[in-house]
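This report describes how the parts of one protein model are arranged. Please consult the sequence and structure shown below while reading.

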Amino acid sequence: TAPGPRSYTTLRDEAVKLFNSLQQLESERDPVPLMQGILQTCLDLPPLVDEIYCQLVKQTTEPPAPGGQGDLHYWQLLTCMSCTFLPSPPVLRFLCFHLDRTESRFPASEMAKYACFIREALGKTKGRECVPSLEEILMLMQRQEMICTVHCPGAPACSVAISSHTTAEEVAQELVSRLGLSQSPNLFALYEQSRRREQPVGSATLLADVLTRFE
């Protein structure tokens with residue numbers, strides 16, 4: 001199920017809890033739920049976003065086993081953070097320096113590939129309404145896109161590859177092109193349908209947020 005409302009204590013206490021979660025992440029066999037929980041706390045408590053970015057930079061600097069499972073778990077969470085939150089300008093500069101240093105020291109490594117992915121993501125991230133779904137986190141851990149199925153009236157369902165930054169308008173435009181409707185005078189939009197309601201998806205809405213709500 002998608003993360004629900006939580007009750008929190010003081011920012012200091014929550015920061016300590018997040019630090020403990022990061023320590024646990026290193027040896028976690030299935031890190032996805034733990035990653036989603038950390039992301040949810042950051043979404044609910046924005047002042048902690050910079051704290052987690054700084055902690056992740058610290059954990060991925062001079063790790064005991066560069067490229068080991070624990071190290072890669074930190075890089076994977078950093079990847080998810082970069083597709084969900086923008087750090088403050090000073091932390092962003094600090095992070096970019098860390099990414100450059102990693103690519104320079106470990107060229108062609110998994111860490112360097114994550115660093116390159118993160119830099120590109122930070123250039124597109126504008127903030128999220130929801131944290132990444134479990135499926136999205138799995139895809140981000142592999143630096144891959146998700147496949148979204150869109151049902152079109154009078155036409156077969158279409159599968160569209162989307163990233164964490166793909167908007168409803170971009171998907172609608174791709175489908176219009178695929179279906180040969182580019183010259184049609186009609187307007188097209190995506191609709192979100194559940195058991196309780198059906199509503200249009202705003203053109204600027206991120207499809208990844210819609211998928212999280214479905215989850």
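## Domain arrangement

The C-alpha centres of domain 1 and domain 2 are separated by 29 Å. Domain 1 covers 11-141 and domain 2 covers 146-214; these bounds come from an automatic or database domain assignment.

The model is predicted: local features need pLDDT of at least 70, side-chain atom pairs count only at pLDDT 80 or more, and totals for chains, interfaces and linings use all residues. Residues are numbered from 1 along each chain as its sequence is written, and side-chain values use heavy atoms, with hydrogens and water left out.

## The interface between the domains

Across the interface, 15 residues of domain 1 are in contact with 9 residues of domain 2 (contact means heavy atoms within 4.5 Å). About 990 Å² is buried between domain 1 and domain 2, and carbon and sulfur atoms give 56% of this area. Buried area is the accessible area (1.4 Å probe) that two parts lose on being put together, summed over both. Of the area that domain 1 buries against domain 2, Arg128, Cys130 and Glu136 supply 39%, more than any other three residues.

## Salt bridges

The structure holds 11 salt bridges, and the count between domain 1 and domain 2 is 2. A salt bridge is a side-chain nitrogen of Lys or Arg within 4 Å of a carboxyl oxygen of Asp or Glu. Arginine 128 and aspartate 209 form one, at 2.7 Å from N to O.

In another, the closest N and O atoms of aspartate 100 and arginine 119 are 2.4 Å apart. This pair links distant parts of the chain, 19 residues apart: aspartate 100 lies in helix H5 (residues 89-105) and arginine 119 in helix H6 (residues 110-122). Helices (H or I, at least four residues) are DSSP runs, numbered from the N terminus.

## Packing of H2 and H3

Helix H2 (residues 32-44) packs against helix H3 (residues 48-59) at an angle of about 140°, their axes being 8 Å apart. The contact involves Ile38, Thr41 and Cys42 of H2 together with Leu48, Val49 and Ile52 of H3.

Technical notes:
Axes fitted to C-alpha atoms, helices over the stretch in contact; angles between N-to-C directions. Helix = DSSP H or I, 4+ residues; strand = E, 2+ residues; numbered from the N terminus.
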